[in-house]
Amino acid sequence: MTLKGAPSPFALLLLLVTAFVLVPDARAQLRVDITQGVSEPIPVAVANFHGDDLGSQDMGAQITAVIRSNLERSGLFRSVDPAAFIQDIAALNIRPRFADWRVIGAQALISGKVTVTGSTLEAEFRLWDIFAESQMTGLKYSTVPSNWRRIAHIISDAIYKQITGENGYFDTRIVYVSETGPQNRKQKRLAIMDQDGANHQYLTDGSTLVLTPRFSPTTQEITYLAYYNNKPRVYLLNIDTGQQEVVGDFPGMTFAPRFSPDGRSVIMSLAQAGNSDIYTMDLPTRRVRRLTNHPAIDTSASFSPDGQFITFNSDRGGSQQIYVMRADGSDVRRISFGDGRYATPVWSPRGDLIAFTKFGGGVFHIGVMRPDGSGERLLTQSFLDEAPTWAPNGRVLMFYRQTPSDSQGRGKASIWSVDLTGRNLREIGTPQDGSDPAWSPLIP
Amino acid sequence: MRFKLTTLIAAAFLVTACEAPTDETATAGSGGASSASTSSTVTSTTQPAQPSIVPGTQEDLVVNIGDRVFFAFDKSNLTAESRATLEKQAAWLTQHPQVTVIIEGHADERGTREYNIALGDRRATSARDYLISLGVDAGRITTISYGKERPAVAGSNEEAWGQNRRAVSVVN
Amino acid sequence: MQHGLLFSSLLHIGVVAVAVIGMPSFFDPPPVASPVMTFEVVSQEEIAQEEAPEAVSQTTKPQEPDEPIAETKRNVPPPPPPPAPEQVAALPEPTPEAVQEPEAIPLPKAPEPEPEPEPEPVVAPKPKPKAEPEPQRAVAPPPPRPAPPRPAPKKAEPKKDPPKTNQLASLLDSLNKDREQVQRGDENRKGAAAQPPAPRLDSQPKAEKKTLDRPVKLSSGEMDALRAQLRQCWNFPAGAKNPEDLIVEARVVMRSDRTPATVEILDSGRLSDSFYRAAADAARRALLNPACHPFKLPPDKASLWQTMILTFDPREMLQ
C-alpha cells in the first residue's frame, strides 16, 4: 500500500470498500444508454425464389410476390425494389454477397428455392441478416402445388417471427359479412377469405340476415347470428363440412356470440322480456350457465385468453361502458371511464389489451386499453368504425368502417386493418361491401 | 274472402328482397315480415279505391291507427305521443280479436350492432308491455329486434335516425 | 293486375316455404380444407454441427458453396404431402438457429449452446484486417456467440438499476454515477498499480492500460451526439408486449476508425427467447448499420470508447 501519506486504517478501509465496489466496473467501460429509436419498416430484399425449371421458377415468382405483399402490408417491412438487385438470383442459392445487398440499402434478404415435381411442391427459404452477414433462419416445406399460397404465408410468418419475436398472422383467414344493396334493404351473406383477400368464397346465399360471425380458436367453426325464419338465434357453422346448427334452445333471441378460448363453449347474450344478459353454453354437454343478472343490457362478451375473465358491454351505469368480471360472473367492475360510449370489447389473444369501439361527438373510434382500464389509446377515427377483431398474435386489428349514406341509402362499408401503433391503417379489399370481420387463429 | 286471404298473405310475407311494384318510397321494408308496412302501400295502390281497406289488416293499422312509435337516442321509454298511438293500437286489437302482431324493435345506425340489437329488443318490449297493460292478451304479441339492420329511412342525418329509432307493430 | 298480385303472392309463399323448409341448403359448397404440409429446417448451422469445419468455412469463406439442402434432405425423408399436421404446428419451435439443435431435447437449450462453439471463437476474434466492415459477421449472429474477452465480471456488474420508471432521469443518473466511479476507480487503481498483487481481480490489469492513458470522460454533449446518431439506426418493431423485458446490453469493441469491430450481446442466455432474440438482433443491426458509421465519438478519447457497453432500452419507445 503506497498511498501518499500514512495509510490510516480508515483510508485502508475506504480503499477496500471502493475497490470492492469498483471491481465489477474495473474495465472502465463506457456505458451508453439508448432509449430512443425509430419504428419504421425494415428494408428487406425479397429475391425471387429460384427454380431449376420454368414451372418451378414461375411458382417461385408467385410465392415471392405473396411474401412481399404480406411483409409490406404488415407495416414492419419495406420491400426493396427488385430492379435494384445486383447479385444474380440463381447464385443466391449458394450464399449472398452481402456487400451487394448492403449497397442497395437492404438490411435483410430473403432468398429461396422452389421445386415442383408432379404433385409435390418443395419450397425453402433463408432469411439473411445483411449487416451481420449471417443466416437468421432457414426452413423448408413440402406440400401439393395447389397449396402454394399457404407456403408463402407460412414463410411470411416465419420471417415475421424472426424479426419481431412474435408469431406471424399471415396463414390465417377472415370470415366477414358481405353486403349488397342500399342501406335500408341490405342483403348480407357470410363470406370467407384469406387474410390477404385471396380465395374469397361465400358461405351463405343472402336469403337470411346474418351478422357477427366469429371464429373458433380451436376448430374450423364459426358462430354467428342468423335470422332464419325470423328467429334471431346463435348458430354454429362448420366451414369444412358446411354443417350448421342452432346453439341451444333458448326462449328468446340469442346474439353476440363468441367462443371461449378453449373452443368448448359459446358465450352470448340472451334477450328475455326486453332484458339482455350473458350466458355460456358448454357445447359438448349443452349445459347453459347464466353469468349476469341485471336489468341493464349486458352484451358483447369476450373471454380473456386464459379463460379466467370476461369483458363485456353494459349500460348498467347509465350508458354503454366496458366491464370486466370473473368467468363465473362474479366481481364485476367497470374499466372504461373516458368521455363517450364504449362498446364491443374484445380481449387480445395475448391478454395484454382489450380492443373496443368508442363513440361520441359524432365520431367512432377503434381503440385499445389494458384490462384494468388504463392506457387507453385510440387507433382510428371516422364516421363509423366498429367491431375490432384481433390477429392471432395480438398486434394487429381488423374492423369495419362505414361511410354516411345518402338519401338513396348509398354508403360504403369496408374492412380495414390497423396495427397497435395506429400508423399502419389499410383497407382490405373485398368483392362487395364488407362488415363484421373476424380473424381466424393460425391455420393448423 | 279468398282474395282477402291472399292479400293478407302477400302483405304479411313480402320479403325484403322483393322489388314490390310501386316501391320507390324511401320507407322501404323494415325487414323480413316487417315489410308489410311497405306492402300496405302496394296493396293500396293496386286497389283502386281507398275505402276498400280491409279492417283488421296491416293496411288498416297503418292508415287508420298508426303502426309505429318512435324513441329518443339510446332510449326505450315511451313518449306521451307513443303512448297515445299504442292506446289506439290496443283499442284496435280489442276490436279485432283474431289479429296477432309482431312488434319489431329498431335502432338508428349511430350505435354498435350488438348493443343495438339489445336496444331494439328493449324498445319492442316497451311497446309490447304497454299494450298488455292496456288489456291486450300477451299471447297475441311477439317481439323481434333488428337492431340497426333495417332502417325505415335511408340517409345519415338526424331526421332519418329519428325515423329509424322505432317499434313497429306488424300484423301476423 | 289481379294476376300480378296473385303471382306475386304465390311467389312469396314459395319464398317463405323455401325459407322455412330449406334452411340447410343455404350454404355453398364449403371451402376445401387445405392439405397439410411438412417442413424441415434448412440451416447451414445445422450442418455445421455435424461437420465443424464446414461451419467455419461457411462463416469465413463467403463463396464456399455449401450444400445445406442436400444435407437436410438426408435428415428428412421425402415427406408425403398429406401428413403430419403437428409438424407444421411445430414450425415455430425449430425456427431458432439450428445451433440450438432443433430436435434435441428442449431442456438444455439455454445453457448448452454456449460451451459448444469451440470452433467459433476462432471465427469470432478474426477481425479481418481489411478496413471493410466485414468482420462483424463473425460476431453478429446470435448462435456463434464469440465472447472472446468477456470475463466473469460482467455478471457481477449490477450497475444496471432495476427497472425504473422515470427512466431518463435515472438513467442519466446512473450514468453519472458510473462515470464517477470509473474515475474514482482510476485514481485508486493508479495507486494500486504501484503496489503488488491487487487483492482481487484479474480483470483489473486490463483496465490498467486505459487508466494509464489519460483519464478523461466523454462530455455529456459527446454522449448525446452518439445517442442521437444511434437513435437513427435503432429500428425497433413497435408493439411488443413487455418492453421492459427487452432491454438489450451489447458490448462493442471498437476499431480505431470508430466502427465496431465486434458486437456481443451480453445476456446471451436469453437468446432462446424469440422476443429477446429479436430485440438483440435489432440492437445489433443498429450498431452494424453502415449508415451510422463511423460513430460520433471524439477521436482523441479513443481510450475511453475502445470498449463500450450500449444499452438499448425500448420502454420509452413503445407507447
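Guide: Over residues 1-49 of chain B, pLDDT stays under 50, and the model has 101 contacts beyond four places in sequence for them. Here pLDDT is the predictor's confidence in each residue, from 0 to 100. Two residues are in contact if their C-beta atoms, placed from the backbone, lie within 7 Å. Chain B averages a pLDDT of 80, and 70% of its residues score at least 70.

This is a predicted model: local features need pLDDT of at least 70, side-chain atom pairs count only at pLDDT 80 or more, and totals for chains, interfaces and linings use all residues. Residues are numbered from 1 along each chain as its sequence is written, while chains are lettered from A and ligands numbered from 1 in the order in which they are written.

Now the helices. Helices (H or I, at least four residues) and strands (E, at least two) are DSSP runs, numbered from the N terminus. Two packed helices are described by the angle between their axes and the distance between the axes. Axes are lines fitted to C-alpha atoms, for helices over the stretch in contact, and angles run from 0 to 180 degrees between N-to-C directions.

Take chain B. Helix α4 (residues 80-95) packs on helix α5 (residues 113-133) at about 55 degrees, with the axes 9 Å apart. That makes α4(B) oblique to α5(B). Angles under 35 degrees count as roughly parallel, over 145 as roughly antiparallel, 65 to 115 as roughly perpendicular and the rest as oblique. The crossing of α4(B) and α5(B) is right-handed; that term applies if the near helix is turned clockwise from the far one by less than a right angle, and left-handed if anticlockwise. From α4(B), B:Arg83, B:Leu86, B:Gln89 and B:Ala90 make the contact. B:Ala127, B:Tyr130 and B:Leu131 meet them from α5(B). These residues divide into five nonpolar, one polar and one charged. Ala, Val, Leu, Ile, Met, Phe, Trp, Tyr, Cys and Pro count as nonpolar, Asp, Glu, Lys and Arg as charged, and the others, Gly among them, as polar.

Turn to chain A. Helix α2 (residues 54-74) and helix α5 (residues 148-164) cross at roughly 45 degrees, their axes coming within 9 Å. α2(A) and α5(A) are therefore oblique to each other. This crossing is right-handed. Among the contact residues are A:Met59, A:Ile63 and A:Val66 of α2(A). α5(A) brings several, including A:Trp148, A:Ile151 and A:Ile155. The contact of α2(A) with α5(A) divides into 11 nonpolar, five polar and one charged residue.
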